[in-house]
Amino acid sequence: MNYGDRQNNKKKYLTMQAFLKGGSTFSKNKEKTAPTTSKDAKDLKETKKHIPWVEKYRPRCVDDVAHQEEVVSVLKKSLEGEDLPNLLFYGPPGTGKTSTILAASRELFGADLVKQRVLELNASDERGIDVVRKKVKNFSQLTASGTRPNGKPCPPFKIVILDESDSMTRPAQAALRRTMEKQTKTTRFCLICNYVSRIIEPIASRCAKFRFMPLSVKTLGDRLKMICEKENIQCSEEAMTALIDTSGGDMRKAITYLQSASRLKVDEEITKTDIFEIAGVILDEVIDQLIKACHSDSYEKLGTCVKDIICDGHSAMQLITQLHDKIVQMEELDDKQKSIICEKLAIVDKCLMDGADEFLQIMALTGVMMQQICHEQK
Amino acid sequence: MSLWVDKHRPNLLNKLDYHKDQATHLKKLVHGGDFPHLLVYGPSGAGKKTRIMCLLRELYGSGVEKLRIEQHHFTTPSNKKLEISTISSNYHIEVNPSDVGNNDRVVIQELIKNVAQVNQLETSCQKDFKVVVLTEVDRLTKDAQHALRRTMEKYMATCRIILCCNSTSKVIPAIQSRCLGVRVAAPAVEEICKILQNVCKKEGLTLPTELAERIAKKSNRNLRRALLTCEACKVQQYPFSGDQDITEPDWELYLRETAALIVQQQTPKRLLEVRGRLYELLTHCIPPDIIMKGLVQELISNCDGELKIEVVQSAAYYEHRLQMGQKAIYHLEAFVAKFMAIYKRFLEDGIADLF
């Protein structure tokens, strides 16, 4: 009896500890702590609910990173040598840039040391020149020991991760230059960005560059299916294709959509329309109707059609993206006409970004389309 | 006595009049006691705020309806003092950060941090998170939106954010992908008719179907406007008659007259007159983009098919500049001048063709 109690307490302690250490160890120890008392299990379940799946299914080791074979093989080689160059990762969002470096640093240092050895700075943290000068510099100047607390060896450097570094100001980037070179003994930098062209040349030349590709349909499908199985979600084939199509190779988007859909439809099968609704995609019929209105050569018809679309709450940005796909495939237009329309589309896109009125802009765009479709053929 | 719009606002998810499927989905969503960050979008008067309040009530019970107004003070890094008023209950706080203009980033960071740092003591009988409702997110600066993005992830455990905006075009994709989007489409004309009838029945009035339809059509699928117009009609004349006048706001009439003046004559002198009228509208706090849209609508109905496209093109062009620029009057006037030029050329061409 007494012994059993103690055992229980110990398990509770383990759970607590696992919980305190954060996400990484948490999921590893989950199996071990599973057979605890029912109350604990319930607690666990509740805390689990708050974790976005994007975090939950983040790759834990470099091998888990999907689809980026080239990067992974290079990283693995350098991990064997327990050393890293300065890194520059670039590529579209949701391709695993942050996940890769987090996984790599976890493999290098182990879960315990990661907190001490890695400084992660994000676009939303203050990151002007002051921060680079003080925080980054101070952190990188500290020497790291080559042994762990338990005496085992570990790489003698720290990692600074600068996420979304394309939004860093130029002076801040320039301030980083010298710091990067001076502290090579103690610190490795990893810059992550979407557009490599926004990183100033001196920084780019100090790093090993890696490009991250958008994920293929198959990789996305495999991962999503895996998550569906683990979370016990029913998702039709159609919905899965819709999910992959709308995500456009962005894993984070796909997983977030899947999670939102599963929250909305508890215990029901997720359908194609659900995914479209969550992703804010406009149904094909609506777009077809708009194009039909363009064919009618009547301003009034077009006007009511556009007004209806906007009243239904569809976003103009989404509308022009989808319209673009349609226009490129339209057979009745020749190349010149298409290019005229696309040019207007680009202008409208810029205007919308600047905050111009949606109705007027869409009318201007569809007006050009109407002219091209109905009048240039003569 | 409160306005009908407030008096008859549904406060439960199952009492909503339209988009019932969506309501059941939302109900399921909060049924589990937890929900992701939400992004509610749709045109004005479609019932976004109503849905948010219903959702909160479903979540926390009637306690959310005890509202109070608070003043919050913030200081920017450059030591400027900001003041913003919020509406809050014990469970949620509602704020319109774009009230403070360019410094909205500070408000977002500080306010959400304040709310999120307070943990609920007793998690067994209360929800362990609070809700922050941010309105007019599409008017936030890019800076503030970027700040929001990290904040949203960081304080996921203690606070949920509901964003409310008219269009997702101006919300950065990073925020969109972190939220569950809820699209609230404007009610159809028939739905508005039905609601008007219901409200009148509750008020003990009879509303002729004709009038209801006319009001609904006039309102441009904006339910709030329809209800307000209906109430105004009641004040004006009761019992209702099917063909009674529906009063329109003064400025709309004024705008219509202005448009008529422009079409009548295209001379520099007339332009000067129109300028005065535009100033008059601006000084009465009619937003310039609404003036522009109203003008376009009126002018377009007065010209020929081919011209229409050209006019819309130039309207889009000047409206864009209006958003970018500082002084609205220049751009409004430029548009009027442009329209006059187009119209006059068209008329002269027409006369030349005759001979």
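User: What pLDDT does chain B average?

Analyst: This is a predicted model, where local features need pLDDT of at least 70, side-chain atom pairs count only at pLDDT 80 or more, and totals for chains, interfaces and linings use all residues. Residues are numbered from 1 along each chain as its sequence is written. The score pLDDT is the predictor's confidence in each residue, from 0 to 100. In chain B, 97% of the residues score at least 70, and the average is 85.

User: Which element of chain B has the highest mean pLDDT?

Analyst: Helices are DSSP runs (H or I, at least four residues) and strands likewise (E, at least two), numbered from the N terminus. The lowest mean, 78, belongs to helix 5 (residues 142-154) of chain B. The highest, 92, belongs to helix 11 of chain B.

User: At what angle do helix 10 and helix 11 of chain B pack?

Analyst: Axes are lines fitted to C-alpha atoms, for helices over the stretch in contact, and angles run from 0 to 180 degrees between N-to-C directions. Helix 10 (residues 250-264) and helix 11 (residues 268-283) of chain B have axes 10 Å apart, and their angle is about 165 degrees.

User: Is helix 10 of chain B roughly parallel or roughly antiparallel to helix 11 of chain B?

Analyst: Angles under 35 degrees count as roughly parallel, over 145 as roughly antiparallel, 65 to 115 as roughly perpendicular and the rest as oblique. The angle here is about 165 degrees. Therefore helix 10 of chain B is, relative to helix 11 of chain B, roughly antiparallel.

User: What ipTM does the predictor give the complex?

Analyst: The pTM is 0.77. The ipTM is 0.84.

User: Which residue follows helix 13 of chain A?

Analyst: Its phi is positive, near 70 degrees. The residue is A:Gly280.

Methods
Chains lettered and ligands numbered in written order. Heavy atoms only, no water.
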